[in-house]
Amino acid sequence: MPFIPGSKTKPDYDVIVVGSGAAGGQTAYVLAAAGVKVLMLEAGRRYDPVSETPMFNTTHYAPLRGVATSDKPFGFFDATVGGGWRVPGEPYVVKRGAATTWVEAQDTSFPTEQSFMWWRSRMLGGRTNHWGRFSFRMGEYDFKPRQRDGLGIDWPLDYRDLAPYYDKVERLIGVFGSNEGLENTPNSSPGVLLPPPKPRAYELLAKKACAQLGIPVIPSHVAILSQRQDHQNIPKMLHPDSPAMQKALTENMKTRLACMWATSCTRGCSIKANHQSTTVHLPPALATGNLDIITDAMVREVSVDEAGRATGVYYVDKESRQDRHVKARVVVLAASGCESARILLNSKPAQFRDGLANSSGKVGRYLMDTVGSSMSGQIPILENAPPYNEDGASTMHMYMPWWKYQEQAAGKMDFPRGYHIEFSGGRAMPDGATFSGMGDFAGGSYGKKFKEDMRRYYGTFVSFGGRGEMVPNDDCYCEIDPAKKDTWGIPVLRFHWKWSEHEERQAAHMQKTLAEIIESMGGRVLSPPQLDGKKAIYPGGSIIHEVGTTCMGTDPKNSVLNQFCQAWDVKNLFVTDGGPFVSNADKNPTLTIMANAWRATDYLLEEMRKGNI
Amino acid sequence: MNSNPTHRLPRREAIKWVLAASATLSLLDLRAFGAAASAPKGYGLDANLLETYNPGDLWPLTLTDAQRRTATALCDVVIPADDKSPAASALQVVDFIDEWISAPYDPQQQQRATVVNGLIWLESESQKRFKNAFSQLSPVQQHAICDDICFAPKAAPEFTSAAAFFSIFRDLTAGGFYTTPAGWKDIGYVGNVALTHFDGPPPAVLKHIGLM
């Protein structure tokens, strides 16, 4: 029985993993494959995508026809359970606008005056249940940004260190895409990627338009099975030394079907065609018999012995509201960057008054998100196009990787780091808000004319979003609020946030570029480009690429972790989520979180084998 | 879809609730109706996603019978039947509009007073101009009013509020209509079916967009 109540834990475990998402799922998976006994603690409820996903349900019978609300900011059918920008009973603290006082975060939509937006989910599998599944590798430049432009922080590892782990993760989770050999946009090893789906009509139009602008448009990399995985060979490749995991993975891969090119991945996937920790990482790990999971377990702090070694964690059993303690040789935090930092800062034994693993004072520091700015346009050539099923993989089949590395290196740009462009549009399933504003767009039409107009305009809108790299700065960090506690009695986080001119200029550049693309498609922008970067940029945290806060480095004086995510101060304590990131390349972080977690866990296993931990 | 009357508040309660939720009422006197009924909750952060939900299932509806008659007539002025699809009322779009303006979420609550007041205004305008209920007017008479309010940027100053109402009401009518199977068919949404492979746009589409 791998899902256990808090009263049924073993006397002790080899490793406790806090969190069950991309990082926790990957970490526990690698540990279980190696025969290590793992206890996973998840703050949310148990969740099963196979039985809970509304696969073909239509907005017709959804509340408010499925539109986003404060309860479900990504729409009714979004897989997120118990979370969002606001988690009941678990506040966080921000500033609003120019105010200097701290207030509880309230907002669940944009625009917002909040200094930071913190997205959490409280469910098994965490945010992997609804993530965008864009799986872009960081490139060589991305690990050594300071060497390139003198800003930010270099990683204590480079692309070559992570490349084999990218291959492993892509093989394990299944990623479609292509190898284009573009600058700082790494190829996967041959045979790793699944074939990408064909582009949609609007994607082909964007590609043609971008060719005139010198912007590459290439197949996206997405963690969706465009075909079934090779269950005979991949398990052997990934786990040559673990027959048990080979068997467990083979069985799980057999249950994963290929995409049926329908229904949105953000709902989850009952046929396991996309990546969710709950369908990809956890089932084979559980099948080895080496993993126990306790859900509704809200971790408060790491316990430490007199020698300064981690001994386990204290958590609140949410159902009984009881405080419990579990023990292990090693503790791995994988609770999300900020939540892991919160646990460390709330762990204050006598010898670590400023928080655990925080002798550098860097826990909570260098919080980063992705720079986001967007623009929509209407494309007349798509009007009255013959209907066809354009659902596809529900997310983008094509994207635009950053294309101006050389201009930046030559000092020709007024911002240092790159961005890629994501886009969506076309003939997607309508929800209750799809046609909002269309009557006004059509000049106030109603009646039979309105129906004709809607036939003409449906499917002709395209939205573009720039997703750019932020340079870490001293003004962006989280810390423990001195007064406020959550409903579990755990002190909460408050967030400091300030974009620098690097990000603001980048956002303004995005606006200009996105307008150019729309116009090159023969389209018209729905609102003029916002060239004031301060206004063009989405608020911090809104892209939900929360990384930083437990930075890795080469020097214990200015970093929390070494290159293997091991705390300098506490040898048997690791952090494997987005926290160790010291830069946040424009490449969406989840794939790198998993690759980095796998590498860190391999190191952890080796240290355990050597008896060093 | 249904319009099960048991899901609806008693008329007086409904009016009270609508009015109490609005801070910007100009047409009626709040004081006559006393305190607000307690506000309902939303569906929360862990709703059953596999359930079928109908208007009135999650929170009580708002519109009175008279307002429903007005709304039904206006829906059909916005989306009448034609040779491709039925009128909005045939797809119970009014139930969706009522669900929307009754929802406990801020954006919907902000539109509630606009819609209810707009419907009240529409009735009084019909009586003023044609001495009859909006639902009883001829299409020519209905259009005479709607032409004055269908496009806010060009509406005369005295119709500013009514035009704001019409814009929201048209959005809601379209939102309710185009999320039904008949609405999908009308605009040519042909997805949400399982496929063994994704072929991309067919030749007719490629020709249409000049890529073949």
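Okay, a definition before anything else: two residues are in contact if their C-beta atoms, placed from the backbone, lie within 7 Å. Take V15(A): leaving aside its neighbours within four places in sequence, its contacts are L31(A), V36(A), V38(A), A328(A), R329(A), V330(A) and V332(A).

Some housekeeping. This is a predicted model, in which local features need pLDDT of at least 70 and side-chain atom pairs count only at pLDDT 80 or more, while totals for chains, interfaces and linings use all residues. Residues are numbered from 1 along each chain as its sequence is written, and chains are lettered from A and ligands numbered from 1 in the order in which they are written.

Back to V15(A), and to the core. I call a residue buried if 20 or more other C-beta atoms lie within 10 Å of its own, exposed if 12 or fewer, and partly exposed in between, with the C-beta atoms placed from the backbone. A nonpolar core is then a set of buried Ala, Val, Leu, Ile, Met, Phe, Trp, Tyr and Cys residues joined through C-beta atoms within 7 Å. The largest one here has 170 residues, and the members that touch the most others are V15(A), I16(A), V18(A), V38(A), L41(A), V331(A) and V332(A). Which helix gives the most to this core? That's α16 of chain A, residues 590-610, with nine residues. When I say helix I mean a DSSP run of H or I with at least four residues, a strand is a run of E with at least two, and both are numbered from the N terminus. Apart from that core lies another, of 60 residues, and among them are Y458(A), L49(B), I101(B) and I149(B). As a bit of background, nonpolar side chains tend to be buried together in soluble globular proteins.

Now, how do the chains meet? 65 residues of chain A are in contact with 55 residues of chain B. On chain A's side, the elements giving two or more residues are α6 (201-213), α12 (438-441) and α13 (448-457). The largest share comes from α13(A), with five residues. For classes, Ala, Val, Leu, Ile, Met, Phe, Trp, Tyr, Cys and Pro count as nonpolar, Asp, Glu, Lys and Arg as charged, and the others, Gly among them, as polar. Sorted that way, chain A's side has 32 nonpolar, 20 polar and 13 charged residues.

Let's stay with α6(A), which also packs inside its own chain. Its axis and the axis of α14(A), residues 501-520, come within 8 Å and cross at roughly 115°. Axes here are lines fitted to C-alpha atoms, for helices over the stretch in contact, and angles run from 0 to 180 degrees between N-to-C directions. The crossing is right-handed. Handedness works like this: left-handed if the near helix is turned anticlockwise from the far one by less than a right angle, right-handed if clockwise. On α6(A), A206(A), A209(A), C210(A), Q212(A) and L213(A) do the touching, and they meet E516(A), I517(A) and S520(A) of α14(A). That contact has five nonpolar, two polar and one charged residues.

Here's another pair: α1(A), residues 22-33, and α9(A), residues 277-287, have axes that come within 8 Å and cross at roughly 25°. That makes the two helices roughly parallel, a label for angles under 35 degrees, with over 145 called roughly antiparallel, 65 to 115 roughly perpendicular and the rest oblique. This crossing is left-handed. By class, the contact has seven nonpolar, four polar and no charged residues.

Over to chain B. It has eight helices and zero strands, and buried residues make up 41% of its 212 residues. Have a look at α3(B), residues 93-102: ten of its ten residues are buried. They pack against α2 (65-78), α4 (106-130) and α6 (160-177) of chain B.

The peptide bond from F110(A) to P111(A) is cis, with omega near 0°, and P111(A) sits in the loop between β4 (103-104) and α3 (140-143) of chain A. T549(A) isn't a glycine, yet has a positive phi of about 85°. Is T549(A) buried or exposed? It counts as buried, because it has 32 C-beta neighbours inside 10 Å. K131(B), also not a glycine, has a positive phi of about 55°, but K131(B) counts as exposed because it has 9 such neighbours inside 10 Å.
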